[in-house]
Amino acid sequence: MDASDEGVPDLCPNKMDTCDSEDDDNSDTWDETDTPNCQLTKCLFCSKVFTIVEEALEHATKDHNLDLPTLKRRFDMDCYSFIKMINYLRLHSMSASDLMSTKQSVWDDDKYMKPTLEDDPWLMYDFDDVETPHSSMIPGDGSGGFLANAENGIVTLSEHHFAELQKKIQALSVEVRVKNSLLEAAADDMKRMRAVTQELVEGPNSQSAGDKQVDRKVACLSITEDQSYFDSYAHFGIHLEMLSDVVRTSSYRDALLKNSAVINGKVVLDLGCGSSILSMFAAQAGAKKVIGIDQSDIIYNAMDILRENGLESQVTLVKGRLEDTVIPEEKVDLIVSEWMGYFLLFEGMLDSVIYARDRHLAEGGLLLPNRCTMHLVGIDDPGRHKEVVGFWDNVYGFRMSTLAGEVLKEPFVEVVPSSAVATSSHTLVELDLMTCSTKDYSYISSPFKLEASRDTAITALAGYFDTFFDLPVEKVSFTTGPLGEPTHWKQTVFYLKNPILVKKGDIIEGHLLCQRHKKEIRSLEVCITLPGMKQNYCMSSCSVSDT
């Protein structure tokens with residue numbers, strides 16, 4: 001408090017000076033305009049004292065430039081905030097100019113609910129009656145709003161006012177894009193419902209199941225229905241496994257860094273960014289701007305990782321599912337994503353890549369990877385077959401053959417020894433990610449031929465995929481097959497109930513059908529037909545056995 005305030009009169013002066021004595025002859029008369037004792041109001045910023053708080057407020061407004069309406073609007077204050085502010089001003093030496101220029105409510109602490117001065121009239125002031133400036137005025141520098149000069153039909157705005165209007169327009173533009181995305185999603189939902197209704201009305205015999213497929217996509221799921229998928233990637237163990245996969249991670253690194261001439265100066269979208277490793281590779285390759293998006297909570301750790309490596313200004317992370325989220329750049333030059341699941345298509349993330357390609361990839365843009373192939377090969381591993389299938393014939397002296405049937409419905413994700421490969425491989429499908437649609441992989445029907453490489457008994461078929469980055473400077477690719485270096489994808493093994501005896505050179509002919517699960521869009525149903533047998537498998541989050 002200023003030294004000049006030392007002579008300030010007490011807020012409760014001696015009654016002999018201000019109020020009539022009880023023995024005064026005039027004690028029987030009372031004027032309702034008289035001020036009760038101990039109710040004098042001291043100014044918040046100087047030593048002056050007033051009989052009522054309204055006079056003190058008028059003085060503070062006129063002489064100290066206090067603007068309560070502006071403060072109320074700026075900090076969205078209520079009566080409790082007002083009380084805290086008064087007690088703060090009483091306790092600290094803060095001038096009116098400092099108060100009006102502050103950008104944060106420094107009094108926003110519950111300790112300031114305790115009165116600094118007992119019976120302070122300011123605390124009784126009806127703050128709710130303070131009217132804030134009209135909502136149509138754009139907040140400015142604390143003066144209550146911007147002024148626009150209009151003369152001869154020409155409106156002149158200040159530079160600050162114009163900047164604020166531009167921010168408002170940008171915010172509204174983003175809001176419009178969000179609404180458009182919701183409308184597109186609603187239109188997709190209606191299209192899907194019409195297709196389902198038509199199928200129900202026409203009946204299953206109107207067309208064969210292979211000829212008529214409802215194109216269901218991940219975008220059809222609500223975020224609530226889909227959240228469990230993203231939650232599975234919030235655990236650190238899975239990121240340790242993926243980052244420790246040298247084949248996977250180094251292939252993406254090489255594709256980006258060895259083609260830096262293609263990446264340099266470009267805007268890159270990292271779809272399903274996870275720990276942000278691919279975003280950082282893209283930034284290292286010279287990308288002008290990288291946008292990483294992920295609905296999983298791992299993105300919060302990714303933000304810390306970017307700050308730790310000084311890349312937060314080059315890489316922007318967005319939490320959300322792409323199908324429901326507006327990203328900072330409507331069009332990007334390159335989309336990179338590690339979307340592949342077991343047997344390539346498990347978890348259905350390719351849907352999001354196609355969605356991103358169709359809506360956000362600029363003309364002439366690139367996808368990384370841009371091509372994938374799915375393969376099937378025959379294996380002979382009688383020891384493993386006995387562990388998985390034969391185990392149930394004698395479980396501590398009891399037969400449990402019914403469980404063997406259930407186990408055979410579940411593919412096993414495991415590393416197949418290269419020595420167990422007993423046939424040639426067959427390519428089931430090749431996907432060009434730049435041109436394919438969701439229908440191209442939602443229902444894959446492929447006959448296959450496998451040539452036996454030795455006299456043996458085929459105990460299982462193993463599925464795997466190859467991935468290609470066909471870039472102009474240096475092409476990069478990797479395989480998840482049993483003859484390559486093991487990856488975290490391993491191989492997807494479909495055990496056969498009865499092994500198939502073959503001689504070297506024999507051709508095993510069969511058919512594989514792979515389609516989306518009827519109820520779980522991110523899951524797969526696989527049917528393998530071989531001479532004399534037909535087996536169905538289900539790949540879902542709760543059924544795939546990873547060993």
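This is a walk through the structure above, one selection at a time.

**Before you click**

You're looking at a predicted model, where local features need pLDDT of at least 70 and side-chain atom pairs count only at pLDDT 80 or more, while totals for chains, interfaces and linings use all residues. Residues are numbered from 1 along each chain as its sequence is written, and side-chain values use heavy atoms, with hydrogens and water left out.

**The whole protein**

Start with everything shown as a cartoon. There are 16 helices and 20 strands here; helices (H or I, at least four residues) and strands (E, at least two) are DSSP runs, numbered from the N terminus. Of the 547 residues, 45% count as buried. Buried means under 20% relative accessible area, exposed means over 50%, and partly exposed is in between, using a 1.4 Å probe and protein chains only.

The protein exposes about 29,500 Å², and carbon and sulfur atoms supply 51% of that (areas come from the Shrake-Rupley method with a 1.4 Å probe; for residues, only the protein chains shown count as cover). Among contacts with a separation of 6 or more, 74% are between residues 24 or more positions apart. Contact means heavy atoms within 4.5 Å.

**Stop 1: strand β6**

Select residues 289–294, which make up strand β6. Five of its six residues are buried, so β6 is largely enclosed by the rest of the structure.

Two strands pair if DSSP finds at least two bridges between them. Show Leu269 and you'll find its bridge partner in β6, Ile291. To get from β5 to β6, the chain goes through helix α11 (residues 277–284), and this β-α-β crossover is right-handed. Right-handed means that, with the strands pointing away from you, the path from the first strand over the helix to the second runs clockwise.

**Stop 2**

Strands of a sheet pair through backbone hydrogen bonds, either parallel or antiparallel. For the antiparallel kind, look at the four-strand open sheet in the order β13-β17-β18-β19. β13 (443–451) and β19 (533–539) are at the edges with a single partner strand each, so one side of each has no neighbour in the sheet. From one strand to the next, the twist averages 20°; axes are lines fitted to C-alpha atoms, for helices over the stretch in contact, and angles run from 0 to 180 degrees between N-to-C directions.

Zoom in on β18 (residues 524–530), which runs antiparallel to β19 and is joined to it by seven bridges. Thr529 stands opposite Lys534 there.

**Stop 3: aromatic rings**

Show the side chains of Phe, Tyr and Trp. Rings (for Trp, the six-membered one) pair if their centres lie within 6.5 Å; planes under 30 degrees apart count as stacked, over 60 as edge-to-face and the rest as tilted. That gives 12 aromatic pairs.

Pick Tyr342 and Phe346: this pair is stacked, at 6.0 Å centre to centre with 10° between the planes. Both Tyr342 and Phe346 are buried.

Then try Phe465 and Trp489, an edge-to-face pair at 5.3 Å with 80° between the planes. Phe465 is in strand β14 (residues 456–469) and Trp489 is in the loop between β15 (476–479) and β16 (491–502), so the pair ties together parts 24 residues apart in sequence. Phe465 and Trp489 are buried as well.

For a cluster, select Phe82, Tyr125 and Phe127, which are linked by ring pairs.

**Stop 4: helix α13**

Select residues 350–360. Nine of the 11 residues of this helix, α13, are buried, so it is largely enclosed by the rest of the structure. Among the buried ones are Leu350, Ile354 and His360.

**Stop 5**

Most residues other than glycine have a negative phi, and most peptide bonds are trans. Now for some exceptions.

- Leu368 and Pro369 are joined by a cis peptide bond, with omega about -5°. Pro369 is in the loop between β9 (361–368) and β10 (371–379).
- Asn65 has a positive phi, near 60°. Look for Asn65 in the loop between α2 (53–63) and α3 (68–74); at 58% relative accessibility, it counts as exposed.
- Tyr396 has a positive phi too, near 55°. Tyr396 is in the loop between α14 (382–388) and α15 (401–407), and counts as exposed at 80% relative accessibility.
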